[in-house]
Amino acid sequence: MLGTLLRSRFGALPVSAMRRIDQANQAELEQWFERSLNAPSLQAVFDAGAAST
């Protein structure tokens, strides 16, 4: 589900992003999902520091 949302917002995902999603635990997936709703970039979804900019 997270991959679908990210592709919808940011286009095709790099392999590194897909790998992170595949290897993430439930808490990480939930955090990234919440960030992805308003994140200005894909990097901001995965990087807590970038999410605040």
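**Figure 1. Leu2, Gly3 and Leu6 are the buried residues of helix H1 in this predicted model.** Viewed along the axis of H1, these buried residues fall within an arc of 95 degrees, so they line one face of the helix. Thr4 and Ser8, on the other side of H1, are exposed. The packing partners of the buried H1 residues are H2, H3 and H4. After H1 comes Gly11, whose phi is positive, near 90 degrees.

**Figure 2. Helix H3, residues 26-36, has Trp32, Arg35 and Ser36 as its buried residues.** Seen down the axis of H3, the buried residues fall within an arc of 100 degrees, so they line one face of the helix. Gln26, Ala27 and Glu34 are exposed on the other side of H3. The N-terminal end of H3 is capped by Asn25, a side-chain oxygen of which lies 3.1 Å from the backbone nitrogen of Ala27.

**Figure 3. The largest nonpolar core of the model consists of 12 residues.** Its members are Leu2, Leu6, Leu13, Ala17, Ile21, Ala24, Trp32, Ala39, Leu42, Ala44, Val45 and Phe46. Helix H1 (2-10), helix H2 (15-23) and helix H4 (42-46) are the elements that each give two or more residues to this core. H4 supplies the largest share, 4 residues. Val45, one of the core residues, is in contact with Leu6, Phe10, Trp32, Arg35, Ser36 and Ala39 when its neighbours within four places in sequence are left aside.

**Figure 4. Trp32 and Phe46 form an aromatic pair.** The count of aromatic pairs in the model comes to 1. The ring centres of Trp32 and Phe46 are 4.8 Å apart and the ring planes stand at 75 degrees; because an angle over 60 degrees counts as edge-to-face, the pair is assigned to that class. Trp32 lies in helix H3 and Phe46 in helix H4, so the pair ties together parts that are 14 residues apart in sequence. Both residues of the pair, Trp32 and Phe46, are buried.

**Figure 5. Ser36 of helix H3 is a buried residue.** The relative accessibility of Ser36 is 0%, and Ser36 therefore counts as buried, the limit being under 20%. With neighbours within four places in sequence left aside, Ser36 is in contact with Leu2, Leu5, Leu6, Arg9 and Val45.

**Figure 6. Asp22 is located in helix H2.** Because its relative accessibility is 67%, and a value over 50% is the criterion, Asp22 counts as exposed. A separation of 9.5 Å lies between the C-alpha atoms of Asp22 and Gly3, which are 19 residues apart along the chain.

**Figure 7. The chain as a whole contains 5 helices and 0 strands.** From the N terminus on, its elements run α-α-α-α-α. The radius of gyration is 10 Å, close to the 10 Å given by the globule rule for 53 residues, so the chain is as compact as a globular protein of that length. The C-alpha trace spans about 25 × 25 × 15 Å along its principal axes. Of the 53 residues in the chain, 30% are buried. Among contacts with a separation of 6 or more, 52% are accounted for by residues 24 or more positions apart.

Key:
Residues numbered from 1 in each chain as written. Predicted model: local features only at pLDDT ≥ 70, side-chain atom pairs only at ≥ 80, totals over all residues. Heavy atoms only, no water. Buried < 20%, exposed > 50% of the residue type's maximum accessible area, 1.4 Å probe, protein only. Arc of directions from axis to C-beta. Polar contact = N/O pair within 3.5 Å; in protein donor to acceptor, adjacent residues only side chain to side chain. Core = buried A, V, L, I, M, F, W, Y, C linked by side-chain atoms within 4.5 Å. Contact = heavy atoms within 4.5 Å. Phe/Tyr/Trp six-rings, centres within 6.5 Å; stacked < 30°, edge-to-face > 60°. Rg over C-alpha atoms; globule rule 2.2 N^0.38 Å.
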